[in-house]
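Biologist: Please show me how to read a model like this one, taking one feature at a time and giving the general idea before the case.

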Amino acid sequence: MTHNTYIYIALMAIVTLSIRILPLTFIRRQIKNQFIQSFLYYVPYVTIAVMTFPAILDATGSPVAGGIALIAGIIFAWFGANLFQVSVICCLVVFLLSLFA
């Protein structure tokens, strides 16, 4: 049984384009449902979180150091640190943990 790569690529293109094109063609008016509006508002944040969370744990030499840096970043972000400050703090936490471990 041979697999045709072009069929797989065409199917992937059809699925990807349909996900992007169908909402634009069928939804012509403003969305007034509060649940759908809030769902669409948080989709980019959830997507970024899902893509970066495994990288946070795998990018360091130790998943424990990545996890501790993640917790430190969440705490500093909670108290109002901006993105640059949080990233510097997370890098310092990983550096210090790898230095002393």
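**Contacts, core, helices and cysteines**

Modeller: Leaving aside residues up to four places away in sequence, Val94 touches Thr60, Ala65 and Ala69, where a contact means heavy atoms within 4.5 Å. This is a predicted model, in which local features need pLDDT of at least 70 and side-chain atom pairs count only at pLDDT 80 or more, while totals for chains, interfaces and linings use all residues. Residues are numbered from 1 along each chain as its sequence is written, and side-chain values use heavy atoms, with hydrogens and water left out.

Biologist: Which residues make up the largest nonpolar core?

Modeller: In soluble globular proteins, nonpolar side chains tend to be buried together. A nonpolar core is here a set of buried Ala, Val, Leu, Ile, Met, Phe, Trp, Tyr and Cys residues joined through side-chain atoms within 4.5 Å, and buried means under 20% relative accessible area, with exposed over 50% and partly exposed in between (1.4 Å probe, protein chains only). The largest such core has 8 residues, namely Ala69, Ala72, Ala81, Val86, Ile89, Cys90, Val93 and Val94. Helix 3 and helix 4 (83-100) each supply at least two residues of this core, and the largest share, 5 residues, comes from helix 4; helices are DSSP runs (H or I, at least four residues) numbered from the N terminus.

Biologist: At what angle do the axes of helix 2 and helix 3 cross?

Modeller: An axis is a line fitted to C-alpha atoms, for helices over the stretch in contact, and the angle runs from 0 to 180 degrees between N-to-C directions. The axes of helix 2 (residues 34-58) and helix 3 (residues 63-78) come within 6 Å and cross at roughly 125°. The two helices are therefore oblique to each other, since angles under 35 degrees count as roughly parallel, over 145 as roughly antiparallel, 65 to 115 as roughly perpendicular and the rest as oblique. Where they meet, helix 2 brings Phe53, Ile56 and Leu57, and helix 3 brings Pro63, Gly66, Gly67 and Leu70.

Biologist: Where does Ala55 lie, and is Ala55 buried or partly exposed?

Modeller: Ala55 lies in helix 2 and is partly exposed, because its relative accessible area is 41%.

Biologist: How many disulfides does the count come to?

Modeller: A disulfide is a pair of cysteine sulfur atoms within 2.5 Å, and by this rule the count is 0. Cys90 is in no disulfide, as the nearest cysteine sulfur, that of Cys91, is 7.0 Å away, which is too far for a bond. Cys90 counts as buried because its relative accessibility is 19%, whereas Cys91, at 54%, counts as exposed. Cys90 lies in helix 4 and touches Ala69 and Gly73, not counting residues up to four places away in sequence.
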